[in-house]
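Open the model in a viewer and keep the sequence panel beside it. The stops below say what to select and what is found there.

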Amino acid sequence: EWDYTDCQCQESGMNATDCLRTSKLSGCGSENVAVMHGDEYGPTFSVENLLTRQDQEILHENETNYWLASSDKTAMFILNLGYKQTFDQIRLINTHNSGLRNRATKEFRVFVSQKGTEPWTMVIYSGSLEDSRQQEDPLPLQTFNLSEKATAQFIKFELKSWWGLGGGLQYFDIQRDSHSCKCSKEVNITKDNNQAKWDRDILLYYGLENFHQNHRQYADSRDDKQINGDRLNSDGDPDIPFSDCEDPHNNDNSSGEILPIVPCGSIANSLFNDTVKLFFKRDNSEEWKPVSLLNTGIAMAFDKKRFNNPVEDDQLKTELEGKIAKPRDWTKHLWELDEDQPSNNGLENEDLIVWMRVAPLANFRKLWRRVDHEDKSHAELRDGLLTSYLYKLEIEYNYDVSSFKGRKKVIIARDNEFGAKNKAMGWIAISAAIFFFSFGFLFSALRRLDQ
């Protein structure tokens, strides 16, 4: 069992919770960016202002939140990204010099470097921005593709031409991977175990603490007719849910059309989306080898019968794209939950089905993955996990538990005819036995008194 709530990201060295909170706006690692050099109109319009993204430009006597270059001059700045990163896009917001509306960047170039000095590699040869002087706040966030994917720690921006009196920017950063935080830990399965191996049918669970899935309003926030594939309109397309789900249960698409959120409700919207990988090696002289994990066979057969796609499994994207919206906190569309296995995609995805079965207690665990003992790439694990081997868990950290002051963990367990080891169920069974025995004894005593 490993509580990884406060683990450190492998690349940035940050606390994973802090990294995730930052990535919601700018991407993990953006707080590590520092200015190495910059040409400025004056200290008030410093390059440091570019590191913070805001909706409205501020211009007071001694306070601004954007960068300006000197009037009618080319300019440049260099940023240290904090550590070597791989990216293929940059993001920026132009300026219009707040209410004065007399400055904006027109043409620019971008370079990257490993050391912040020569040689610099040009990755955007001729970027061009529209005249933003008459645009209203908030000015649009714009994304530019690099000529090729770059791996670098330093990035240089060159202002080549401008609109009005000079150039500048309100915000600048690389396009970061919002799921870039990965934590890992070597696990010792020999602790409290003198066996040569853990017998096969090894299971991986995720555990959450202080998450009240049993709250009535949360547990009721679902549309059983929708997840069964039956909530359809007269044209046979997914229809807007009724009052089964909490608002919002619909969303606008780019054309302004109202689309039903599928699956709707609070349970589906809060779907657990961390990912896990397991590695092994015989000894320290070897490289880590991946263990094949199965994401099917983890849901109860009874539950699987209640989840059905409204169209054929292999036609999800073709038939549903543009007709449904994804839950507001999802990063994937419904048809992207398992694109490699059509029978485990969409509403029939077993990770979704497992999550939708609400837990009765605030601290719970749910089946996450099964070790594929039949995979020939690691035939040595066919009969189980050998305790003489070394093992490592790697977590992609996506799920934020800070909002409810929760904890999360990963558990490796062995399955048997009585199910996997579960202390909570044991205590529940013991408590129930004591309860029934006590009342049985009480009623027996009362009956004797009556006689």
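Begin with the open sheet: 4 strands in the order 9-19-14-15, with antiparallel pairing. Strands here are DSSP runs of E with at least two residues, helices are runs of H or I with at least four residues, and both are numbered from the N terminus. Two strands pair if DSSP finds at least two bridges between them. Strand 9 and strand 15 are the edge strands, each pairing on one side only. Direction ignored, neighbouring strands of this sheet are turned by 30 degrees against each other on average; the axes are lines fitted to C-alpha atoms, for helices over the stretch in contact, and angles run from 0 to 180 degrees between N-to-C directions.

A note on the source before the next selection. This is a predicted model, in which local features need pLDDT of at least 70 and side-chain atom pairs count only at pLDDT 80 or more, while totals for chains, interfaces and linings use all residues. Residues are numbered from 1 along each chain as its sequence is written, and side-chain values use heavy atoms, with hydrogens and water left out.

**Strand 14 and its partners**

Select strand 14, residues 275-281. Strand 14 is joined to strand 19 (residues 390-396) by 7 bridges, and the two run antiparallel. To find a pair across these strands, pick Leu278, which stands opposite Leu393 in strand 19. Now turn to strand 15, which runs antiparallel to strand 14 and is joined to it by 3 bridges. Here Phe280 has Lys289 of strand 15 as its bridge partner. Is strand 14 enclosed or open? Because 5 of its 7 residues are buried, strand 14 is largely enclosed by the rest of the structure. Buried means under 20% relative accessible area, exposed over 50%, and partly exposed in between, with a 1.4 Å probe and protein chains only.

**The second largest pocket**

Next select Phe272, Asn273, Asp274, Thr275 and Asn398, which lie nearest the centre of the second largest pocket among its 42 lining residues. Helix 1 (16-23), strand 14, strand 15 (289-291), strand 16 (293-294) and strand 17 (364-371) each give two or more residues to this lining. Which element gives the most to the lining? Strand 14 does, with 4 residues. The space in this pocket is about 1400 Å³.

The terms rest on a 1 Å grid over the protein atoms alone: a cavity is a set of points where a 1.4 Å probe fits but cannot get out, and a pocket is an open set with protein on both sides within 12 Å along at least five of seven lines. Lining residues have an atom within 4 Å of a point. Grid points are joined across faces, edges and corners, and the volume is the space filled by probe spheres set on the points.

Colour the lining by residue class to see 16 nonpolar, 14 polar and 12 charged residues. Ala, Val, Leu, Ile, Met, Phe, Trp, Tyr, Cys and Pro count as nonpolar, Asp, Glu, Lys and Arg as charged, and the others, Gly among them, as polar.

**The disulfides**

Start with Cys7 and Cys183, joined with an S to S distance of 2.0 Å. Their link is right-handed, with 65 degrees about the S-S bond. It ties distant parts of the chain, 176 residues apart: Cys7 is in the loop between strand 1 (2-3) and helix 1, and Cys183 in strand 9 (residues 182-187). Cys7 and Cys183 are buried.

Move on to Cys9 and Cys181, a disulfide with sulfur atoms 2.0 Å apart. This link is left-handed, with -95 degrees about the S-S bond. Cys9 lies in the loop between strand 1 and helix 1, and Cys181 in the loop between strand 8 (168-174) and strand 9, 172 residues apart. Cys9 has a relative accessible area of 4% and Cys181 one of 3%, so both are buried.

Finish with Cys245 and Cys264, whose sulfur atoms are 1.9 Å apart. The torsion about their S-S bond is about 55 degrees, so this disulfide is right-handed. Cys245 is in the loop between helix 3 (224-227) and strand 12 (250-252), and Cys264 in the loop between strand 13 (258-260) and helix 4 (266-269), 19 residues apart.

Key. Disulfide = S-S within 2.5 Å.
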